Amino acid sequence: MDDKHEVQHMELEAGSTKNEGGLYNYVPGSDEEKRLVRKIDRHLLPMLWIMYVFKLLEWFKADRTTSYIDRSNIGNAKVGGMQADLKLSSSDYSLVLSIFFVGYLLNEVPCNMILSRSTPSIFLPTVMVLWGGMSIGAKGVNSLGGMVAFRMVLGLVEAGFFPGVMLLMSCWYKPVEMSKRIALFYTASLVSGAFGGLLAGGIIEGMEGVAGTRGWQWLFIIEGLATVVIACVAYFVLPNYPTTTKWLSDSERELAVARLGTGRDEEGEHMSHWQAFKIALKDPKTWVFMLIYNVLNSVGTISYFFPTLMTSLGYKGRKAQFMTTPIYCVALVISVINGWNADRTGQKAYTVIGACLCGIISFIICVTVHNNAVRYTFICFGGAAIWTSVPIFLSWMVTMFDGREPRAISIALINGVGNLSSVYGSFFWPSSDAPQYVTGFSITTALIGFAAILVALAKWRYQDKGFAGIPQRGTRW
């Protein structure tokens, strides 16, 4: 073997080479690619996970500061809450919660437009610094108008985070790698749900009256400060896009782009925002996935009522709060296992359908059975079905749009409309339906069944890039 062919052979064994025309020969599954993926994981996943935890703590903070006492039933008058301090009526409180989603929906597309042409390592941490700083400043809010304005602007600021994360991950990972990673990322919501309320309660009780400040105000201050600190670390850890990340070598950068199969990291680079917006709106997949995500999120609003459901099962006081934790723990284990399996099989859509079918069975049992132990068990499995279907759906959805800028807009539209379910989902569970909550479980069952049908139709029409299009060994890009 002459020297030239020996060098090419050694490069091929390492995972890649260039042919005589300068084209990149991508070799899937090489040691070089495995090392690169591990490097990407180290820089991306832990940091995004921590950032998402603090995002969720901020998102649900208003609920915790007003209703923690009711949920835990500790009856300690000195703790009080935001609702009492600001003299909010029930309708005022609903306005405070709902106005967040107005800002959130309005700013998602503009934020992702900006992110598609900017540097994620600056954009995402800056968004986090802004909402953390606003949280600290919320101590000065002393009226309904102030809290409404705060929540509205908070929605505008936070709108850039979640769809931005989905866009960033889609620019680094192949479709066959997405499910387990988004499932792992999404466990942040489960950890926040399991322990966020307990943390909030500890701060509200333990810090009540310190330095003349109410406990709920300390909750905003402490979590806001922690958010800013995490964001400062993220500036130095998060990557940008494969072609602009400094901690990649030239060969790693070429491999990072080539392994995506279409070079999609650079697609749409010279497209105007208006052109990208029109492409996203004209793509029927945008509207189909928007509907699916809204329906799945509507089912997920059951999590707002877990403490209430625990009370209907006979658990009181702190025990009702503690009994929500196993629901999230079961969901965490099942969702991660299914995320790994969806990548292994390449069948994201079928995994979502399977999770929906599990949810249908679980919620039917919850509404028809009167044994509280059985109901609790299937509330756990129903929750696992929801938090399996949502992240795996997201991992499927983000791979179905080509071109960074049109994909950014489609993701933002789908996420924004999907989260509107949080506004109307609270009406599914009227307190008059206790203890069986027939209305809530019936609507939830119908919606998750509808989601399964929609996913099956979308799979039939658009297929699944979790399996199709995986480059074969020796493919040239």
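View 1. You'll find Ala211 in the loop between helix 9 (175-206) and helix 10. Its phi is positive, about 55°, even though Ala211 is not a glycine. Helices here are DSSP runs of H or I with at least four residues, strands are E runs of at least two, and both are numbered from the N terminus. This is a predicted model, where local features need pLDDT of at least 70 and side-chain atom pairs count only at pLDDT 80 or more, while totals for chains, interfaces and linings use all residues. Residues are numbered from 1 along each chain as its sequence is written, and side-chain values use heavy atoms, with hydrogens and water left out.

**View 2. Thr213, a buried residue in the loop between helix 9 and helix 10**. Buried or exposed, at 4% relative accessibility? Thr213 counts as buried. Leaving aside residues up to four places away in sequence, Thr213 touches Lys139, Met207, Glu208, Trp218 and Ile221 (contact means heavy atoms within 4.5 Å).

**View 3. Helix 6 against helix 10**. Helix 6 (residues 120-137) and helix 10 (residues 215-237) pack at an angle of about 165°, and their axes are 8 Å apart. That angle makes helix 6 roughly antiparallel to helix 10 (over 145 degrees is roughly antiparallel, under 35 roughly parallel, 65 to 115 roughly perpendicular and the rest oblique). Axes are lines fitted to C-alpha atoms, for helices over the stretch in contact, with angles from 0 to 180 degrees between N-to-C directions. On the helix 6 side, the contact includes Ile122, Met128, Trp131 and Ile136, and on the helix 10 side it includes Phe220, Leu225, Ile230 and Tyr235. Sort the contact residues by type and you get 14 nonpolar, 7 polar and no charged (Ala, Val, Leu, Ile, Met, Phe, Trp, Tyr, Cys and Pro are nonpolar, Asp, Glu, Lys and Arg are charged, and the others, Gly among them, are polar). Helix 6 passes helix 10 in a left-handed crossing, meaning that the near helix is turned anticlockwise from the far one by less than a right angle; clockwise would be right-handed.

**View 4. Helix 6 against helix 7**. The axes of helix 6 and helix 7 (residues 144-158) come within 9 Å and cross at roughly 165°. Helix 6 and helix 7 are therefore roughly antiparallel to each other, and their crossing is left-handed. Val127, Leu130, Trp131, Met134 and Ser135 of helix 6 meet Phe150, Val153, Leu154, Val157 and Glu158 of helix 7. By type, that contact splits into 8 nonpolar, 1 polar and 1 charged.

**View 5. A cis peptide bond at Pro435**. The bond from Ala434 to Pro435 is cis, with omega near 5°. Pro435 is in the loop between helix 20 (421-424) and helix 21 (438-462).

**View 6. Gln463, in the segment after helix 21**. Gln463 has a positive phi of about 65°, although it is not a glycine. With a relative accessible area of 42%, Gln463 is partly exposed.

**View 7. The protein around these close-ups.** There are 21 helices and 2 strands in the protein, and buried residues make up 57% of its 477 residues.

Definitions and conventions: Buried means under 20% relative accessible area, exposed over 50%, partly exposed in between (1.4 Å probe, protein chains only).
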